[in-house]
Amino acid sequence: MTAKTAATPGRKKASSLFREAESFSSFSVNDIEKAKEFYGQTLGLEVKETPEGLELHTEDNTVFLYPKPNHTPASFTVLNFHVDDIEAAVDELNSLGVNLEHYNLPDIKTNERGIARGPHGPTIAWFKDPAGNILSVLQER
């Protein structure tokens, strides 16, 4: 079956399988022990070890981290944390020794604290895990 066949307009019914299935996201890391320490001890998330990797548990989500020897960090944000106060979140990250990313791009500019306050979207600050994956804290306007 080709992608075109699967998306044929003559299809009569949308699948309910995916709407009803539990889902989770995942991404790779190059060192599972460093990831466990960072996500569990530094960020304070509940971390569960499995034979295949790590499960990160937040209030309403599970994210799976798996080891990959030839890991290459994504060039985009892989995990976002909604916060009520971006300033307090940045202060806490700084106190934990986490460095914020700084951008001076045409469409993304951060201030001296690493916080982007663009005309649209949330106020956001980016940081990286030990594997170089990009994470963020963001506050809705």
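## The main core

The largest nonpolar core holds 25 residues, and Tyr-39, Leu-65, Leu-79, Phe-127 and Val-137 touch the most other members. A nonpolar core is a set of buried Ala, Val, Leu, Ile, Met, Phe, Trp, Tyr and Cys residues joined through side-chain atoms within 4.5 Å. Buried means under 20% relative accessible area, with a 1.4 Å probe and protein chains only. Eight elements each supply at least two residues of this core: strand E1 (25-29), helix H3 (32-42), strand E3 (53-57), strand E4 (62-67), strand E5 (77-82), helix H4 (86-95), strand E7 (123-128) and strand E8 (134-139). H4 gives the largest share, 4 residues. Helices (H or I, at least four residues) and strands (E, at least two) are DSSP runs, numbered from the N terminus.

In soluble globular proteins, nonpolar side chains tend to be buried together.

## About the model

This is a predicted model: local features need pLDDT of at least 70, side-chain atom pairs count only at pLDDT 80 or more, and totals for chains, interfaces and linings use all residues. Residues are numbered from 1 along each chain as its sequence is written, and side-chain values use heavy atoms, leaving out hydrogens and water.

## The sheet

Four strands form an open sheet in the order E1-E4-E3-E2, with mixed pairing. Two strands pair if DSSP finds at least two bridges between them. E1 and strand E2 (46-50) are the edge strands, each pairing on one side only. From one strand to the next, the twist averages 25°. The angles run from 0 to 180 degrees between N-to-C directions, along lines fitted to C-alpha atoms.

E3 and E4 run antiparallel, joined by 4 bridges. Leu-54 has Leu-65 in E4 as its bridge partner. Leu-65 is also among the core residues that touch the most other members.

## The pockets

A pocket is an open set of points on a 1 Å grid where a 1.4 Å probe fits, with protein on both sides within 12 Å along at least five of seven lines; lining residues have an atom within 4 Å of a point. The largest pocket has about 490 Å³ of space. Of its 20 lining residues, Leu-45, Phe-81, His-82, Val-83 and Val-137 are the closest to its centre. E5 and H4 are the elements that give two or more residues to this lining.

The second largest pocket has a volume of about 240 Å³. Its lining includes Asp-107, Lys-109, Arg-117 and Trp-126.

Key: Buried < 20%, exposed > 50% of the residue type's maximum accessible area, 1.4 Å probe, protein only. Points joined across faces, edges and corners; volume = space filled by probe spheres on them.
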